[in-house]
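Here is a short tour of one protein model. Keep the 3D view open and follow along as we go.

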Amino acid sequence: MNDIPTFDQALAESASLTERILEAQAAYYERNESIIADAEYDTLMRRLEELESAYPQLQGQDSPTLNVGGMANSTFAPVTHAERMMSLDNVFSAEQFIAWTDRILKDSGRMPEFLCELKIDGLAINLRYENGRLVSAATRGDGVVGEDVTANVKTISGIPHTLAGDGHPPVVEVRGEIFFPVAAFRKLNTELADDGEKVFANPRNAASGSLRQKDATKTAKRPLRMLVHGIGAWADIPVTSQSQVYELLASWGLPTSDRYRAVDSAHAALSFIDEMGEKRESVEHEIDGIVIKVNEIALQRELGVTSRAPRWAIAYKYPPEQVNTKLVDIRVSVGRTGRATPYAVVEPVKVAGSTVEYATLHNQDVVKAKGVLIGDTIVIRKAGDVIPEVLGPVLGLRDGSERPFVMPTGCPECGAALRPMSEDDVDLRCPNARGCPAQVRGRVEHIGSRGGLDIEGLGEVAAAALTNHIDGQVPPLETEANLFALTLDDLLAVDFFRNKDGGPSKAALELLANLEVAKTKPLWRILVSFNIRHVGPVAARALADYFGSVDAIRRASVDELAAVDGVGVIIVESLRDWFSVDWHEEIVREWAAAGVQLATPGHEGPGAVTEIEGPCSGLTIVATGTLEGYTRDGAQEAIIAAGGKPASSVSKKTDFVAAGPGAGSKLTKAEELGIPVIDAAGFTRLLEGGPSAV
């Protein structure tokens, strides 16, 4: 117990904590709004528990530590649950979890079997079936009385109105979680932003808001799903364990998860917690932890409950991926394509294990659609290696000092007037492609990236050092044309490439050596490194395989370019436009003069494509979304290495779609066309063993 004050101090602090917690609960349960982050809420609750433990007289009957936390909304009719819906106590470390299992051992006299399952971040629901027929569905509310959302729940795919099989009890309450699939949530928010409507802060709020529609037909239009995670009232249960309950409910047609595991020790449970923590981003719904339950039902009843939570279950909470922080400013950066992108400067905050100071806002229309003002408390999310994203403002915390963001009219780096490049372009761009330092810096960094020429030592810092105009001095690279002609003297003119004695640093020597190696990289990497709009690794490989040289591509007619499989009208136009620019031609000339290999050795000319034999020979495969174990470019390369053809769009010619979280419209198209869809594990099996392996 940390920092316990005097009684008078504890009295004042507990009153303040209670007020903040109750305010957060009201916003969360009644308005579908998160005015504080989950992690902050957990911290407030833990502190209140500490104070009440030190001074039990502070714990009144209305203390948040004794109650579930919600209440029925007056919009819906109240429903009294036959058996109270409890909340869960939390632990946040292995040590705390082991302490909980030790208490179970002490209270029961033995170490029981545990059931581990994912803690779905959604909306708790109670389904009441009478003789196998769904008669009501209600939210948790305050645990005793919830909201009647039966009509809305009946529109959700996967929830049976009549149970399958036979032997149904006269009355059974089935508890579960209504959730919004992550991929569908991203698609919904994109559509809302495009329409200029307010976006949802997170999938949980989207699920809650969608379920609580007064008009059930509106709920029906949202792709809500449910997974069962327990039971309420049920007399004479015919099984003896929680895992057997799930098996029986599944046989009745109820939606149960297959991501649970019965284990025989606390350490085995911790292994499951670690394992699922690493796979967190591959799950179709958001999770914020793992629920561990005593598996034996008789022992559950023996251990009993507190006023708000069962003693036989605990939630192990993962570090938060979504937090609240202050939006200090909105600035604009310019990338290698000239796109001007607003980004958020936030008060440093720890999320998903790392400290975040910046978050993306995409473009000026998205800033407007999200409704964020400079000075707002905002919700940000960081998942895996994805750049943190601003989800939206916490409207209830505005004090009137906030101000709107105004998109600049000029490039923040070179001053050129920002404008869209076409009528269909929603982004503003800097037209000064050759001379804008930001664009040159971005292109040079891209050349060194893994998707480009994969040049060790040519990353963000080195690219900036080579292209920045400092004190009016001309940098070593005004464009990328002279990249491969760089000399040691050129590098020694830059502080970054000098050591303390003024001589060449290790970084300088390694960069020059790696540039020499890069001159002989495959032709497709050269094409990607030209930074031709719309020409990524897939199109570049197709062009390199078909034509065999930069010169052949440059001389090809529109019809000849369009004849390459996977090269459409947009890419053809981009190629023709790129080669028509004089300073682009300068890049080609200078790279050739420096010894860069602009042709594939031994290639016999346009049309002479060499196929790679492998388990996926003859297969067209689309990889989309976040596939565990693969980067986007890595997935494309893995398909090619296995003899397959990577494609960027789904059509009737597609043989397989490997889809992870965030797959979006490509997954929808695959399902519409009946094309086999596989996850990351299935993708690996396909690459290693071909179609028969999946």
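## The open sheet

In what order do the five strands of the open sheet lie? The order is 2-11-10-3-9, and the pairing is mixed. Strands here are DSSP runs of E with at least two residues, and helices are runs of H or I with at least four, both numbered from the N terminus. Two strands pair if DSSP finds at least two bridges between them. Strand 2 (90-91) and strand 9 each have a single partner strand, so one side of each is left without a neighbour in the sheet.

Strand 3 and strand 9 run antiparallel and are joined by four bridges. Look for Leu115, which stands opposite Ala262 in strand 9.

## About the model

Please bear in mind that this is a predicted model, in which local features need pLDDT of at least 70 and side-chain atom pairs count only at pLDDT 80 or more, while totals for chains, interfaces and linings use all residues. Residues are numbered from 1 along each chain as its sequence is written, and side-chain values use heavy atoms, with hydrogens and water left out.

Axes are lines fitted to C-alpha atoms, for helices over the stretch in contact, and angles run from 0 to 180 degrees between N-to-C directions.

Helix 3 (residues 94-108) also packs with helix 9 (residues 266-278), at an angle of about 145° and with the axes 10 Å apart. On the helix 3 side you will find Ala94, Phe97, Ile98 and Thr101, which meet Ala266, His267, Ala269 and Leu270 of helix 9.

## Helix 8

Helix 8 lies across strand 3, strand 9 and strand 10, at about 55° to strand 3. Its buried residues (under 20% relative accessible area with a 1.4 Å probe, protein chains only) are Gln242, Ser243, Val245, Tyr246, Leu248 and Leu249. Among the elements that cover them are strand 7 (171-179), strand 8 (225-234) and helix 10 (297-303). Just after helix 8 comes Gly253, with a positive phi of about 90°.

## A hairpin to look at

Strand 4 (residues 123-130) and strand 5 run antiparallel, joined by six bridges. They form a hairpin with two residues between them, and Asn131 in the turn has a positive phi of about 50°. Leu127 has Ala137 in strand 5 as its bridge partner. Strand 5 (residues 133-139) is mostly covered, with five of its seven residues buried.

How values were computed
Contact means heavy atoms within 4.5 Å. Buried means under 20% relative accessible area, exposed over 50%, partly exposed in between (1.4 Å probe, protein chains only).
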